[in-house]
Amino acid sequence: MVDGIWLWLTLLAIGSTTILTRGSFVIGGEGARLPPALQRALRYAPAAALSALIMPDLLLDAGAFDPANPKLAAGIVVALAALRSRNPWLPFIAGMGVLLVLRKGLGW
């Protein structure tokens, strides 16, 4: 019974936090402006979130760091292709090619 109460309190806290943070901009209206430094910092939020989602998959294989992970090799190729070319398709094609060759071709 106590576990159920904590679960509901946790859900209530999470829900109220979501509503308050999203509603603060609606309630404040035009007068609510973020400081310029925070606006500049928020420009990096999508890249940071994407990195947080991708990096564990690239670095960990079955929960442990493995430098011979084919995903890590494909990720390195993607990063190099993205740094060398402005073509948005080249990193995708190069990374998938390396991953397919390592997984299907070499059985890594």
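**Note on the predicted model**

1. The side chains of Asp57 and Lys71 meet in a salt bridge, at 2.9 Å from N to O. The term stands for a side-chain nitrogen of Lys or Arg within 4 Å of a carboxyl oxygen of Asp or Glu. Asp57 sits in helix α3 and Lys71 in helix α4, so the pair ties together parts that are 14 residues apart in sequence. The structure holds one salt bridge. Side chains of opposite charge can pair when their charged atoms come close.

2. A word on the basis. This is a predicted model, in which local features need pLDDT of at least 70 and side-chain atom pairs count only at pLDDT 80 or more, while totals for chains, interfaces and linings use all residues. Residues are numbered from 1 along each chain as its sequence is written, and side-chain values use heavy atoms, with hydrogens and water left out.

3. How exposed are the two partners, Asp57 and Lys71? Asp57 is partly exposed, with a relative accessible area of 41%. Lys71 is partly exposed too, at 22%. Here buried means under 20% relative accessible area, exposed means over 50%, and partly exposed lies in between (1.4 Å probe, protein chains only).

4. Both partners also line the largest pocket. Its volume is about 210 Å³. Besides Asp57 and Lys71, the lining includes Leu58, Ala74, Gly75, Val78, Ala79, Pro91, Phe92, Gly95, Met96 and Leu99. Two or more lining residues come from each of α3 (45-59), α4 (70-84) and α5 (89-105). Helices are DSSP runs (H or I, at least four residues) and strands likewise (E, at least two), numbered from the N terminus.

5. The pocket terms need their cut-offs. On a 1 Å grid over the protein atoms alone, a pocket is an open set of points where a 1.4 Å probe fits, with protein on both sides within 12 Å along at least five of seven lines; lining residues have an atom within 4 Å of a point. The volume is the space filled by probe spheres set on the points, which are joined across faces, edges and corners.

6. What is the make-up of the lining of the largest pocket? Eight residues are nonpolar, two polar and two charged. Ala, Val, Leu, Ile, Met, Phe, Trp, Tyr, Cys and Pro count as nonpolar, Asp, Glu, Lys and Arg as charged, and the others, Gly among them, as polar.

7. Trp89, Phe92, Ile93, Met96 and Leu100 form a nonpolar surface patch, with about 560 Å² of accessible area together. Such patches join nonpolar side chains (Val, Leu, Ile, Met, Phe, Trp, Tyr) within 5 Å, from residues with over 30% relative accessible area and no salt bridge. Areas come from the Shrake-Rupley method with a 1.4 Å probe. Met96 is in helix α5. Met96 is partly exposed, at 36% relative accessibility. Met96 also belongs to the pocket lining.

8. Check Ala62. Its phi is near 60°, a positive value in a residue other than glycine. Most residues other than glycine have a negative phi. Ala62 lies in the loop between β1 (60-61) and β2 (64-65). Ala62 is exposed, with a relative accessible area of 82%.

9. Next, the loop between α1 and α2. Glu30 is found there and is exposed, at 68% relative accessibility. Glu30 and Val101 are 71 residues apart in sequence and 54 Å apart in space, C-alpha to C-alpha. Leu34 is in the loop between α1 (2-28) and α2 (36-42) as well. Leu34 is partly exposed, at 29%.

Technical notes: Patch = residues over 30% accessible without salt bridge, like charges linked within 9 Å, V, L, I, M, F, W, Y side chains within 5 Å.
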